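Please open the structure in a viewer and follow the stops below in order.

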Amino acid sequence: MHIKEETVERHTLSVIVDNEAGILARIAGMFSSRGYNIQSLTVAEVTEDETISRITIVTAAARAVIDQIIAQLDRLVNVHKVTDLTELGPHVERELALVKVKGTGDQRIEALRLAEVYRARVVDATISSFVFEVTGGSEKIDKFLELMREVGLIEVARTGVAAIARGKEPA
């Protein structure tokens, strides 16, 4: 008997929804009831009249499961459009993180040096710590955090991925 092992792929989904109470709970409930994991989730209003929101979901699963997720999201009431930005092709993803790091002696100098390399801004400083703001792709932020752990990482807050398709057409 051969067991077919499916490759797990990371996908970024853009879901355009009515900005109504409960829609986020229905989407999160759909994921949890089927055992799907959400790696990142962001929501924001995208129209001037505040009636439409974009939910950006990052998830990882086999291709067949991604197809199921898209189909199930598409069937939910108040969902206008689901776009798999990963499948669509070129798109822009950014994330913001606030990173609190110990900052005394040589650690202070090293933290500032690394922050400069990663274009992280100091948004708060005390005698014994810094809070840096770093933006970019998730991989960049992960690497920055890995380096800051060696310097004295204290705490992290991440926004989750915001993503949009490239080009002149909406996704």
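Is Phe31 buried or exposed? With a relative accessible area of 1%, Phe31 is buried (buried means under 20% relative accessible area, exposed over 50%, partly exposed in between, with a 1.4 Å probe and protein chains only). The model is predicted, so local features need pLDDT of at least 70 and side-chain atom pairs pLDDT 80 or more, while totals for chains, interfaces and linings use all residues. Residues are numbered from 1 along each chain as its sequence is written, and side-chain values use heavy atoms, leaving out hydrogens and water.

Aromatic rings of Phe, Tyr and Trp (its six-membered ring) pair if their centres lie within 6.5 Å; planes under 30 degrees apart count as stacked, over 60 as edge-to-face and the rest as tilted. The structure holds 4 aromatic pairs. The Phe31 and Tyr36 rings, with centres 6.1 Å apart and planes at 85°, are therefore edge-to-face.

Now select Tyr118 and Phe144, a tilted pair because the ring centres are 5.5 Å apart and the planes lie at 55°. Ring pairs link Tyr118, Phe130, Phe132 and Phe144 into a cluster. Phe144 is buried at 0% relative accessible area.

After helix 5 comes Gly152, with a positive phi near 140°.

Conventions. Helix = DSSP H or I, 4+ residues; strand = E, 2+ residues; numbered from the N terminus.
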